[in-house]
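Visitor: Please show me the structure, and let us then discuss its side-chain contacts.

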Amino acid sequence: KIATPPQYNAQDMMSSFALRSTAIRGYLTRTLRRPGAVVGPRPMLASAVRPAAVAAGSGDKKKLVFLGTPEVAASALEAILDAAEAPDAAFEVHAVVSQPGRPRGRGRSKSGPPPPSPVAEAAMRRGIPEDMVLCPVKANEPDFLQRLRDMEPDLMITAAYGNFLPQKFLDIPRLGTLNIHPSLLPQFRGAAPVQRCLERGDAVTGVSVAYTVLKMDAGPVLRRVEHKLNGDEKHDELLPELFATGAKALIDALPSVWDGTESFDTATPQADYGDACEAPKTSPEEARMDFIGQNARTLHNKVRGFAGWPGTKAKFEVRKDGSDEGTVVEVKIITTKVVSDSEAGKEAKAANGAVELTKNSMRVPCGGGDWLEVLELQPPGKKAMKAGDYANGMKGSTLTVVSYGDDD
């Protein structure tokens with residue numbers, strides 16, 4: 001049984017949606033009135049836009065409720081809204097659900113209510129009425145669940161919503177809940193599918209449209225689209241592409257869902273695709289690079305997978321020529337590639353941790369006897385830069401790999 005958070009009593013919950021909607025509306029109004037301000041591609045107040053296919057209660061059109069929070073989910077929502085506005089669309093986006101807005105930047109929490117999430121902001125801008133943009137703290141709030149029941153939705157769609165969905169939620173939509181998940185399920189179930197896929201160095205990834213069940217990312221699959229990898233993609237670049245592919249796959253499948261030719265019962269069980277593996281959330285502690293204990297390919301895949309968040313970092317000792325003492329610096333590693341001994345012109349094992357500084361990059365010897373070429377990095381207190389520029393600033397100095405200790 002999922003308990004209601006103790007800080008909410010019944011009266012608070014009955015008014016929570018109105019308060020959060022007012023905060024969203026107020027933020028958009030203030031932003032759009034600011035000279036030169038632009039919120040998305042079509043800056044206008046939500047009250048000025050109300051597409052006929054959006055939350056209009058259009059006769060016999062199917063009711064779809066969308067749930068999502070970050071920017072990639074907002075892009076998926078935009079694609080679904082575009083499809084709903086087509087003259088022959090069989091559905092409407094009846095409501096949008098998102099996590100409450102969170103402070104962005106320093107001091108934001110002290111300057112008024114936080115801005116809405118990217119999904120809530122996109123919904124308001126595209127004409128979803130403010131009372132149909134719901135932002136519960138948890139998806140098990142009784143008032144929130146009752147609002148959904150009163151809507152009588154046909155289908156729910158989730159995309160990076162970020163809140164656990166209890167069975168009471170899953171029982172509401174007549175045709176179930178479909179989730180856009182950026183992996184080839186049952187591979188990489190969990191919070192960080194793209195990050196873990198790139199970290200593992202897979203040659204193929206993809207996106208799945210699957211029905212939601214109580215167990216995380218374990219429902220039967222309606223659509224599954226493969227995406228081949230070349231070995232250099234980064235998480236923060238690949239994730240939006242996969243969500244765009246997933247949104248298209250979902251939209252293409254909707255007619256079959258509406259007419260009943262495809263459903264939860266006809267979808268493919270994940271076991272038919274093989275064994276499952278998990279994709280646990282990444283942590284800042286994992287960002288540390290172990291040049292001494294790992295090979296270049298493993299480290300390169302970590303840089304790709306952890307791009308954006310939590311990033312990757314490494315320690316080096318900088319010593320000026322003729323000096324007996326050096327200074328340890330920690331830099332963020334942003335872009336890399338694997339280099340062989342023949343390309344480097346020197347055996348990595350013979351380097352003894354000494355970094356090769358070149359005109360265009362830094363070559364770091366790795367524990368596997370190969371080299372990792374750093375192409376882009378960010379020194380402490382500075383903006384990201386080409387590694388060659390950083391190396392040129394190190395003239396007259398040497399760089400040596402430093403291992404992280406247990407207390408780092």
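**Side-chain contacts**

Guide: A search of the whole structure finds four aromatic pairs, a pair being rings of Phe, Tyr or Trp (its six-membered ring) with centres within 6.5 Å; planes under 30 degrees apart count as stacked, over 60 as edge-to-face and the rest as tilted. This is a predicted model, in which local features need pLDDT of at least 70, side-chain atom pairs count only at pLDDT 80 or more, and totals for chains, interfaces and linings use all residues. Residues are numbered from 1 along each chain as its sequence is written, and side-chain values use heavy atoms, without hydrogens and water.

Visitor: What kind of aromatic pair do Tyr211 and Phe264 form?

Guide: The ring centres of Tyr211 and Phe264 are 5.5 Å apart. Their planes stand at 70°, and the pair is therefore edge-to-face.

Visitor: Is Tyr211 buried or exposed?

Guide: Buried means under 20% relative accessible area, exposed over 50%, and partly exposed in between (1.4 Å probe, protein chains only). Tyr211 has 3% relative accessibility, so Tyr211 counts as buried.

Visitor: What kind of pair do the rings of Phe291 and Phe316 form?

Guide: Both Phe291 and Phe316 are buried. Their ring centres lie 5.9 Å apart with the planes at 35°, so the pair is tilted.

Visitor: Which residue forms a salt bridge with Arg125?

Guide: A salt bridge is a side-chain nitrogen of Lys or Arg within 4 Å of a carboxyl oxygen of Asp or Glu. For Arg125, the closest N and O atoms are 3.0 Å apart, and the partner is Glu78.
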